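Visitor: I'm new to this one. Could you walk me through how to read it?

Guide: Happy to. Let's look at it together.

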Amino acid sequence: MPIIAPSILTANFLRLEEELHMLNISKADWIHLDIMDGIYVPNISFGFSIIRQIKTLTKKPLDAHLMIIDADRYLKEFKDSGVDRLTVHLEACTHLDRTISEISNLGMKPGVALNPHTSLEGLQYILPKLSMVLIMTVNPGFGGQKFIDYSYEKVRKLKDMILDSGASTLIQVDGGVSKSNIKPLFDAGVDAFVVGNTIFSSSDPLVMIEDLKEMNNLS
Ligand code: DX5
Ligand code: ZN
């Protein structure tokens with residue numbers, strides 16, 4: 001079964017409590033939090049006060065995706081805010097091995113995200129230390145973008161790399177996931193799916209999440 005991690009970036013923040021209630025009663029597994037600093041990506045999203053309030057409203061694991069520079073400054077504050085999984089961008093971390101170790105030492109599950117253009121080679125030596133690799137399937141910064149088709153090959157190559165290494169690292173994709181690509185992505189080896197616009201623009205988000213989870217009624 002696919003892990004479904006709705007991204008609240010495209011949720012209605014004026015009704016965030018209701019949106020989280022919907023997610024709580026849905027078949028969603030995690031809640032994906034897109035943290036953007038306006039420097040690493042050309043957008044600014046939300047910070048710790050929102051994360052702490054979200055933590056009081058859900059029991060589902062918080063899966064934070066850091067699209068920020070100098071993430072090392074904030075690792076403990078993410079832990080203290082209730083984040084369960086913390087994913088940093090390979091391209092934004094000068095000392096990635098140390099950052100990953102620090103995330104684990106704080107008691108969070110470490111992940112590394114790759115932008116679409118970034119090759120897999122940089123993961124070779126740290127893969128066994130990672131709970132998850134996030135393959136960006138859009139250029140980061142915004143919800144509702146078009147899925148990048150060359151992601152399929154990248155997922156298959158990453159799956160082979162993980163199997164060859166004997167690691168139990170999860171593969172997550174993020175960006176443009178919909179009913180038309182979730183099944184081929186799952187078949188290519190993806191374990192976890194970040195889904196934003198497909199869910200929050202749907203006329204019935206609860207049904208959409210269930211269809212994605214069960215892979216029913218796919219277009
Ligand atoms: C983009 C974010 C994604 C995005 C996914 O930078 O990392 O999580 O919100 O949203 P959709 O599913 O709308 O592409
Ligand atoms: Zn994301």
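Visitor: Before anything else, how should I treat this picture?

Guide: Keep in mind that this is a predicted model.

Visitor: Which part of G141 and of N197 faces the ligand, backbone or side chain?

Guide: Backbone. A backbone N or O atom of G141 is 2.7 Å from a ligand 1 oxygen, and a polar backbone atom of N197 is 2.8 Å from an oxygen atom of ligand 1.

Visitor: How much of ligand 1 does the protein cover?

Guide: On its own, ligand 1 has 380 Å² of accessible area, and the protein covers 99% of that. You'll find ligand 1 in the largest pocket.

Visitor: How many residues surround ligand 1, and which are the closest?

Guide: There are 20, and the closest are D34, G141, D174, G196 and N197. Sorted by class, the shell has eight nonpolar, 10 polar and two charged residues.

Visitor: Which elements give two or more residues to that shell?

Guide: Those are β2 (31–36), β3 (62–67) and β8 (192–195). The largest share, three residues, comes from β2.

Visitor: And how do I read the overall fold?

Guide: Start with the elements: the chain has eight helices and eight strands. Then check the radius of gyration: a compact globule of 219 residues would come in near 17 Å, and the chain's 16 Å agrees with that.

Methods: Residues are numbered from 1 along each chain as its sequence is written. Chains are lettered from A and ligands numbered from 1 in the order in which they are written. This is a predicted model: local features need pLDDT of at least 70, side-chain atom pairs count only at pLDDT 80 or more; totals for chains, interfaces and linings use all residues. Side-chain values use heavy atoms; hydrogens and water are left out. A residue is near a molecule or strand if one of its heavy atoms lies within 4 Å of it. A polar contact is a pair of N or O atoms within 3.5 Å; within protein, one must be able to donate a hydrogen and the other to accept it, and residues adjacent in sequence count only if both atoms are side-chain atoms. Accessible areas come from the Shrake-Rupley method with a 1.4 Å probe; for residues, only the protein chains shown count as cover. On a 1 Å grid over the protein atoms alone, a cavity is a set of points where a 1.4 Å probe fits but cannot get out, and a pocket is an open set with protein on both sides within 12 Å along at least five of seven lines; lining residues have an atom within 4 Å of a point. A molecule sits in a cavity or pocket if more than half of its atoms lie within 2 Å of its grid points. Helices (H or I, at least four residues) and strands (E, at least two) are DSSP runs, numbered from the N terminus. Ala, Val, Leu, Ile, Met, Phe, Trp, Tyr, Cys and Pro count as nonpolar, Asp, Glu, Lys and Arg as charged, and the others, Gly among them, as polar. The radius of gyration is taken over C-alpha atoms; the globule rule is 2.2 Å times the number of residues to the power 0.38.
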